[in-house]
Amino acid sequence: MVAAQQTPAVGLRIGSLTLRSPVVLAPMAGVTNVAFRTLCRELEIARAGTVSGLYVCEMVTARALVERHPVTMHMTTFGADESPRSLQLYTVDPATTFAAASMIATENLADHIDINFGCPVPKVTRRGGGAALPYKRRLFGQIVAAAVRATEGTDIPVTVKFRVGIDDEHITFLDAGRIAEQEGAAAVALHARTAAQRYSGSADWRRIAELKQAVTGVPVLGNGDIFEAGDAMAMMAATGCDGVVIGRGCLGRPWLFAELSAAFSGTPTATPPTLGEVADIIRRHGVLLAEHFGEDKGMRDIRKHIAWYLHGFPAGSDLRRALALVRSLGELDTLLNQLDADVPFPPAGHGPRGRQGSAAPVGLPEGWLDDPDDCTVPAAADVMNSGG
């Protein structure tokens with residue numbers, strides 16, 4: 001963890017969007033739904049006095065959106081006062097990308113579109129999607145261009161997120177950044193790991209600095225190993241990037257955005273919450289999830305969050321097991337009341353969290369690496385997850 005420094009106010013402009021702080025919530029499947037985003041925004045207002053960054057909805061599949069799959073449409077839910085509304089698309093096909101972006105623009109579904117080319121999950125890369133796709137330079141450019149063309153004449157900026165490459169032998173990020181800029185993307189974001197690394201090891205921030213040197217006409221955002229406000233400041237100082245994308249660092253710590261807002265505005269950071277205050281945040285999260293999904297599914301969803309919230313706190317194995325099986329808001333409240341409200345935030349609660357795993361060879365379609373200029377759309381890569 002890097003100590004936060006006082007700094008002058010720093011903002012970020014992405015196309016038509018002006019952010020008070022250069023901070024973006026990374027889309028995370030099963031995490032960054034409207035309940036979580038609402039909670040992050042509420043805590044930023046309560047602890048920092050404002051909403052200053054960009055909160056991105058969890059990724060949805062472009063094809064499923066165009067087909068109006070009910071689960072996907074529910075995933076695109078935004079709060080009544082949520083602004084700007086940011087939606088991330090997973091896509092592999094220029095035609096479907098154009099249709100999805102046109103739908104978003106025509107039906108006023110969002111104020112910002114991000115395109116995901118960073119997913120390292122094997123079921124995605126084996127079909128040529130996610131972090132595998134930027135290797136196909138021309139196809140990658142056609143997809144970005146399709147989204148930009150579909151939003152022409154609107155205030156909706158299109159941004160692109162990608163990784164360093166497939167592995168150390170197949171580096172794609174510099175080409176991806178240049179192509180995205182050339183095709184009209186309003187910003188690019190780099191997760192400074194290869195697909196082969198997945199979430200293991202350390203992000204190589206030097207790659208972000210290289211991208212910043214290569215892409216000069218639009219903002220470059222950095223992603224990877226930001227767990228504290230000081231980490232964000234350090235990344236920007238070390239790389240010259242224009243902003244940061246926060247993923248795993250906010251798991252179980254939705255108040256991190258308030259700390260980032262304070263750091264970038266040069267104002268004092270609120271004291272980390274006690275266990276009692278964390279319990280109140282869990283309760284609020286549970287209520288928001290119940291409103292979004294219904295109580296039964298909402299309680300199933302809160303279980304994974306509770307493990308992140310209680311990381312480093314003394315809670316006892318029996319209570320943790322009970323919370324991992326919670327079934328109702330009433331039961332959640334009863335169990336949370338058993339926690340010692342006066343326990344301060346633990347040192348172990350800081351630092352890395354979430355999935356890490358280990359590096360592994362990247363599964364790819366047969367012959368995928370033979371021709372980087374091949375524009376053939378990956379077969380069935382956009383239907384692997386019809387629910388978004």
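**Strands, helices and rings: why the terms apply**

Me: How do you know that strand β8 and strand β11 are paired?
Reply: Strand β8 (residues 158-163) and strand β11 (residues 187-191) run parallel and are joined by five bridges, and pairing requires that DSSP finds at least two bridges between two strands. Within β11, L190 is the residue that stands opposite F162. The model is a predicted one, in which local features need pLDDT of at least 70 and side-chain atom pairs pLDDT 80 or more, while totals for chains, interfaces and linings use all residues. Residues are numbered from 1 along each chain as its sequence is written, and side-chain values use heavy atoms, with hydrogens and water left out.

Me: What makes β4 and β5 edge strands?
Reply: The open sheet has nine strands with parallel pairing, in the order β4-β3-β13-β12-β11-β8-β7-β6-β5. Both β4 (54-55) and β5 (60-61) pair on one side only, and they are therefore its edge strands. Strands here are DSSP runs of E with at least two residues, and helices are runs of H or I with at least four, each numbered from the N terminus.

Me: Why is α8 called oblique to α9?
Reply: The axes of helix α8 (residues 205-214) and helix α9 (residues 229-239) come within 9 Å and cross at roughly 50 degrees. Because angles under 35 degrees count as roughly parallel, over 145 as roughly antiparallel and 65 to 115 as roughly perpendicular, with the rest oblique, α8 is oblique to α9. The contact (heavy atoms within 4.5 Å) is made by W205, I208, A209 and K212 of α8 with D231, A234, M235 and T239 of α9.

Me: What makes α12 roughly parallel to α14?
Reply: Helix α12 (residues 295-309) and helix α14 (residues 329-336) pack at an angle of about 30 degrees, with their axes 10 Å apart, so by the cut-off already given α12 is roughly parallel to α14. In this contact, E295, M299 and I306 of α12 meet L329, G330 and L332 of α14.

Me: Why is the pair of Y55 and F257 called edge-to-face?
Reply: The ring centres of Y55 and F257 are 5.1 Å apart and the ring planes stand at 65 degrees. Rings of Phe, Tyr and Trp (its six-membered ring) pair if their centres lie within 6.5 Å, with planes under 30 degrees apart counting as stacked, over 60 as edge-to-face and the rest as tilted, so this pair is edge-to-face. Y55 lies in strand β4 and F257 in helix α10 (residues 256-265), 202 residues apart, and the pair thus links distant parts of the chain.

Note on methods. Axes are lines fitted to C-alpha atoms, for helices over the stretch in contact, and angles run from 0 to 180 degrees between N-to-C directions.
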